[in-house]
Amino acid sequence: MAVNLQTSFLTPPFGFSLFYLHGAAGDALRTAEIYRGVLRFIGLQPLVLARLILFPVLVTGAV
């Protein structure tokens with residue numbers, strides 16, 4: 001659930017953490033630059049989520 005929520009904080013239309021970064025950076029960064037920079041991490045999120053679903057032992061620690 002936490003990985004899924006993390007994905008929602010990075011993706012549009014909301015992307016709260018991206019808006020926080022834009023507010024902290026001020027005029028140094030445009031919103032489009034921030035979105036372009038985070039695309040790789042957004043692409044990794046579904047892969048991590050799929051692994052956690054396929055291998056629940058990674059989350060629970062139970063063998």
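## A tour of three helices

Start by selecting helix α1, residues 2–10, and colour V3, T7 and L10: these residues are buried. Buried means under 20% relative accessible area, exposed means over 50%, and partly exposed is in between (1.4 Å probe, protein chains only). Helices here are DSSP runs (H or I, at least four residues), as are strands (E, at least two), numbered from the N terminus. Before going on, note that this is a predicted model, where local features need pLDDT of at least 70 and side-chain atom pairs count only at pLDDT 80 or more, while totals for chains, interfaces and linings use all residues. Residues are numbered from 1 along each chain as its sequence is written, and side-chain values use heavy atoms, leaving out hydrogens and water.

Now turn the view so you look down the axis of α1. The buried residues of α1 fall within an arc of 65°, so they line one face of the helix; the arc is taken from the directions from the helix axis to the C-beta atoms. What covers them? Among the things covering the buried residues of α1 are α2 and α3.

Next, pick Q45, which is in helix α3. Is Q45 buried or exposed? Q45 is buried, with a relative accessible area of 10%. Show its contacts (heavy atoms within 4.5 Å): leaving aside neighbours within four places in sequence, Q45 touches V3, Q6, T7 and L10.

Now select α2 (residues 16–25) along with α3 (residues 31–54): their axes come within 10 Å and cross at roughly 130°. That makes α2 oblique to α3. Angles under 35 degrees count as roughly parallel, over 145 as roughly antiparallel, 65 to 115 as roughly perpendicular, and the rest as oblique. The axes are lines fitted to C-alpha atoms, for helices over the stretch in contact, with angles from 0 to 180 degrees between N-to-C directions.

Show side chains here: L18, F19, L21 and H22 of α2 meet T31, I34, Y35 and V38 of α3. By class, this contact has 6 nonpolar, 2 polar and no charged residues. Ala, Val, Leu, Ile, Met, Phe, Trp, Tyr, Cys and Pro count as nonpolar, Asp, Glu, Lys and Arg as charged, and the others, Gly among them, as polar.

Two last stops. Click D27 in the loop between α2 and α3; D27 is exposed, with a relative accessible area of 83%. Then find R51 in helix α3, which is exposed at 58% relative accessible area.
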